[in-house]
Amino acid sequence: ARSLALEPVPETFRRLQDNLALNRLEGLVEAVRAAAGSDEGSVDITIDHGSMNHVAVAGSGEGQVSTVPLRRIDALLAGRAPTCLK
């Protein structure tokens, strides 16, 4: 099976790439450093809350924030039909 993995947090994306390489899965998994959204663009997300990272509210002082690409899943699939989404 082929997979498309979206991960917006830079450090977590690096770990994903390391894990794919360690398990020799680079040919089966397309890793994209982006958040999924209804439009193409960018979004600010927190990067220092571990598994609780989320879209950052402007001016909220939520900690470390990173601007990441925002991508539409249908654009990333480019006409491919997914069997399953998680």
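Student: Which residue in β5 is the bridge partner of Gly 41?
Tutor: In this predicted model, Gly 41 is bridged to Leu 70 in β5.

Student: And what stands opposite Val 43?
Tutor: That's Val 68, also in β5.

Student: What about β3 and β5, parallel or antiparallel?
Tutor: Those two run parallel, and they share 2 bridges. One spot to look at is Ala 36, which sits opposite Arg 71 of β5.

Student: What holds paired strands together, in general?
Tutor: Backbone hydrogen bonds, whether the strands are parallel or antiparallel.

Student: So what's the order of the strands in the sheet?
Tutor: The order is β3-β5-β4, in an open sheet of 3 strands with mixed pairing.

Student: Why is one side of β3 and of β4 left without a neighbour?
Tutor: Because β3 (35–36) and β4 (41–46) are at the edges of the sheet, and each has a single partner strand.

Student: Switching topic: how much space is in the largest pocket?
Tutor: About 540 Å³. There are 16 lining residues, and the closest to the pocket's centre are Arg 2, Ser 3, Leu 4, Cys 84 and Leu 85.

Student: Which elements give two or more residues to that lining?
Tutor: β1 (3–6) and α2 (73–77). The most comes from β1, which gives 4 residues.

Student: How many of the lining residues are nonpolar, polar and charged?
Tutor: The lining of the largest pocket has 10 nonpolar residues, 2 polar ones and 4 charged ones.

Notes: Residues numbered from 1 in each chain as written. Predicted model: local features only at pLDDT ≥ 70, side-chain atom pairs only at ≥ 80, totals over all residues. Heavy atoms only, no water. Pairing = 2+ DSSP bridges. 1 Å grid on protein atoms, 1.4 Å probe; cavity = no way out; pocket = protein on both sides within 12 Å on 5 of 7 lines; lining within 4 Å. Points joined across faces, edges and corners; volume = space filled by probe spheres on them. Nonpolar A, V, L, I, M, F, W, Y, C, P; charged D, E, K, R; others polar.
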